[in-house]
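Here is a short briefing for someone opening this entry for the first time. Please look over the sequence and the model before reading the points.

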Amino acid sequence: MSETGIYFNHKDNPANVSPKSSFKRTFDASKGEQPMFRYYFPVFIAVFSNILYDISAKSIPSDLHAMGLLVITYITSAVCSLILFFITADEKNLFKELKKVNWAVFVLALGCTGIDLGYIFLFRAGWQISLGSLVCNIGLAISMIIVGVLFYKEKITLSHIIGISLCLGGFVLINS
């Protein structure tokens with residue numbers, strides 16, 4: 001765990017089983033733990049980063065080749081990640097981390113490439129910044145509920161069904 005209370009290593013996180021089920025019992029206020037910060041700070045990072053992402057993706061010169069753009073982006077990202085690794089890791093041995101890599105790391109890289117390429121093409125096709133990301137996230141939200149139910153045995157509730165219905169309704173309204 002870093003000094004901020006954010007877990008950079010999944011196995012160190014006492015709440016890694018399920019945030020909803022273990023959240024209250026895994027944080028001890030008498031030890032100065034700040035559960036709300038640890039729970040919501042990653043959301044802030046994701047939202048803030050998506051804002052930067054969408055603004056920059058919309059602002060990329062149209063004559064810059066998409067694949068060249070991704071190479072430059074990923075080199076920059078690799079440098080940032082390397083710096084953050086050495087700032088946050090207790091044991092600063094990147095080669096030791098390489099031994100822990102499995103198939104999911106490579107599939108994540110494919111997913112990142114697809115997301116980035118999709119957004120580049122989305123904005124180059126003329127989507128408004130306010131709508132393109134929203135439409136993609138509606139599709140993602142609905143898809144992840146289905147994935148959660150089918151592959152992770154998550155339960156679908158009435159509120160999920162209502163949320164899916166609202167997402168689909170919003171999707172239809174946005175695209176009409």
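Residues are numbered from 1 along each chain as its sequence is written, and side-chain values use heavy atoms, with hydrogens and water left out.

**Confidence**

- The chain has an average pLDDT of 84, and 81% of the residues score at least 70; pLDDT is the predictor's confidence in each residue, from 0 to 100.
- Over residues 15–25 pLDDT stays under 50, and the model has 12 contacts beyond four places in sequence for them; contact means heavy atoms within 4.5 Å.
- Where pLDDT is low, the predicted coordinates should not be read in detail.

- Helices (H or I, at least four residues) and strands (E, at least two) are DSSP runs, numbered from the N terminus.
- Helix α3 has 23 residues and spans 32 Å from its first C-alpha to its last, close to the 33 Å expected at 1.5 Å a residue; the expected span is 1.5 Å times one less than the number of residues.
- A66, L69, L70 and F85 are the buried residues of α3, and they pack against α4 (94–98) and α5.
- Buried means under 20% relative accessible area, exposed over 50%, and partly exposed in between (1.4 Å probe, protein chains only).
- The largest nonpolar core has 5 residues: A66, L69, L70, L117 and I120.
- Helices α3 (66–88) and α5 (103–124) each supply at least two residues of this core, with the largest share, 3 residues, coming from α3.
- Such a core is a set of buried Ala, Val, Leu, Ile, Met, Phe, Trp, Tyr and Cys residues joined through side-chain atoms within 4.5 Å.
- Apart from neighbours within four places in sequence, L69 is in contact with I60, L64 and I120.

**Aromatic rings**

- The whole structure holds 6 aromatic pairs; rings of Phe, Tyr and Trp (its six-membered ring) pair if their centres lie within 6.5 Å, and planes under 30 degrees apart count as stacked, over 60 as edge-to-face and the rest as tilted.
- One of them joins Y39 and Y40 edge-to-face, at 4.9 Å centre to centre and 85° between the planes.
- The pair of F41 and F44 is stacked, because the ring centres are 6.1 Å apart and the planes are at 25°.
- Both F41 and F44 lie in helix α2 (residues 35–59), 3 residues apart, about one turn of the helix.
- F41, F44 and F48 are linked into a cluster by ring pairs.

- S133 is in helix α6 (residues 129–152) and counts as buried because its relative accessibility is 10%.
- Not counting residues up to four places away in sequence, S133 touches D54, Y119 and L122.
- L131 also lies in helix α6; L131 and I174 are 43 residues apart in sequence and 7.5 Å apart in space, C-alpha to C-alpha.
- K153, in the loop between α6 and α7 (158–174), has a positive phi of about 55° although it is not a glycine.
- K153 counts as exposed, at 62% relative accessibility.

**Cysteines**

- A search of the whole structure finds 0 disulfides, a disulfide being a pair of cysteine sulfur atoms within 2.5 Å.
- C136 counts as partly exposed at 33% relative accessibility, and C167 counts as partly exposed at 23%.

Key: Predicted model: local features only at pLDDT ≥ 70, side-chain atom pairs only at ≥ 80, totals over all residues.
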